[in-house]
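User: I would like to go through this model by question and answer, with the criteria stated as we use them.

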Amino acid sequence: AWRHSRVGPPLPASAPPRPAPVRLARWPAALPPPPPLVTAQALPASVGRLEAAGCRLLGAWGFAAFVQRAPAAHYLRQRGESVRASPRLGSVAMENQVLTPHVYWAQRHRELYLRVELSDVQNPAISITENVLHFKAQGHGAKGDNVYEFHLEFLDLVKPEPVYKLTQRQVNITVQKKVSQWWERLTKQEKRPLFLAPDFDRWLDESDAEMELRAKEEERLNKLRIENQGSPEKSFYDTFHTMADMMYFCQMLSVVETINAAIGVTKSPVVPSLIQLLGRNFILFIIFGTMEEMQNKAVVFFVFYMWSTIEIFRYPFYMLCCIDMDWKVLTWLRYTVWIPIYPLGCLAEAVSVIQSIPVFNETGRFSFTLPYPMKIKVRFSFFLQIYLIVLFLGLYINFRHLYKQRRRRYGQKKKKIQ
């Protein structure tokens, strides 16, 4: 009844001479009786098929007692492949079998949290190379005291310096994201690995994580305000965090000025107004707003200072014009103060763009790759270099427009005096 085709091919010709059939020494009384004889020819040559066929022939308990005396096991030992019997399943396994621990993960906008279920771990090997996390450690896990390892390729770029903390029951790993954003999953492959599961103790939805991030940011700003009280130098470098909300609000309202010029409410030309609106919004929202590395630069103070100085005289002048009032000192300042302020403001914006180029190159933000067949990576810094040229071109257009306005205002009076 036990045909060779059901359990696998016979042993290779290079195998040692087959010993006489082996009869089991002991058999549990609760199990049905086994076949009277099991020969070496009835065993497969590979370990995986040996396990399947052995358990099918003898049952798990009989196979565990039989495997150490099996000719196939003796043949595998001669080939240098160590064979052992599993006490739990009575199966044969290679000593080089890779064991993976249970791993639980959670995320925030800037960090990833991994919890490895291994106890009594000492000196683990944890590293990140080419955006892949490598873990290997000796510890006590689901398969007893063994060497466990796993590899995870992350969905997006991370910083290659993982931070881990060992406890008696687990290993906690923290990985920093290169770009602060929410991931739809942890790994690059869409199918989740079997050993990976969500860490519901630390799990938050994206909206909850944003609220937590805002709370931490407010707490950090409060600490900065307390530390910077009476310290002008520290406040100088914290201009963005102090004034960003107000600058966002004012720059969004400045859209109304361009719309009024476009629909004829004011006599201002559209092109200079549009150039100034787009240039300032690009610096504020793209250069400063998206890059945290730029927000603590001293150039932020000078940019905000120049923008605000010119508007201090310009908008009060417009308000007085609405009620037909002409204050000569304010009128002269409105048509004169831009001469030093506009070039200095343009210079401060250019410095901020130049300082942001290496930051964008390092992070790769806003960079993209052209489709096949070109496959050329276009860095965002290339557009920043073009913007520097456009920036000074816009300065020339605005400078020329303001000069014409000033000449129109004061030039005719000089001719009348002559």
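User: In which helix is the place of Q276?

Analyst: This is a predicted model, in which local features need pLDDT of at least 70 and side-chain atom pairs count only at pLDDT 80 or more, while totals for chains, interfaces and linings use all residues. Residues are numbered from 1 along each chain as its sequence is written, and side-chain values use heavy atoms, with hydrogens and water left out. Helices (H or I, at least four residues) and strands (E, at least two) are DSSP runs, numbered from the N terminus. On that basis, the place of Q276 is in helix α8 (residues 270-288).

User: Is Q276 buried or exposed, and with which side chain does the side chain of Q276 make a polar contact?

Analyst: Buried means under 20% relative accessible area, exposed over 50% and partly exposed in between, with a 1.4 Å probe and protein chains only; at 15%, Q276 counts as buried. When residues up to four places away in sequence are not counted, Q276 touches E311, R314, Y342 and N398, where contact means heavy atoms within 4.5 Å. A polar contact is a pair of N or O atoms within 3.5 Å, of which, within protein, one must be able to donate a hydrogen and the other to accept it, and residues adjacent in sequence count only if both atoms are side-chain atoms. At 2.5 Å, the partner of the Q276 side chain in such a contact is the side chain of Y342.

User: Why is the pair of F154 and W183 called tilted?

Analyst: Rings of Phe, Tyr and Trp (its six-membered ring) pair if their centres lie within 6.5 Å, and planes under 30 degrees apart count as stacked, over 60 as edge-to-face and the rest as tilted. The structure holds 22 aromatic pairs. For F154 and W183 the ring centres are 6.4 Å apart and the planes stand at 55°, so the pair is tilted.

User: How many residues apart in sequence are the parts that the pair of F154 and W183 ties together?

Analyst: F154 lies in the loop between β7 (144-153) and β8 (163-166), whereas W183 lies in the loop between β9 (171-176) and β10 (196-198). Both F154 and W183 are buried. The pair therefore ties together parts whose separation in sequence is 29 residues.

User: What is the angle between the planes of F317 and Y335, and how far apart in sequence are the parts this pair ties together?

Analyst: F317 and Y335 form an edge-to-face pair, 5.6 Å centre to centre, with 80° between the planes. F317 is in helix α9 (residues 299-322) and Y335 in the loop between α10 (328-334) and α11 (338-363), so the parts tied together are 18 residues apart in sequence. F317 is buried at 7% relative accessibility, and Y335 is buried at 10%. The two values asked for are thus 80° and 18 residues.

User: How far from the centre of the ring of Y113 does the charged end of R202 sit?

Analyst: A charge sits over a ring if NZ of Lys or CZ of Arg is within 6 Å of the ring centre and within 35 degrees of the ring normal. The charged end of R202 sits over the ring of Y113, and its distance from the ring centre is 3.8 Å.
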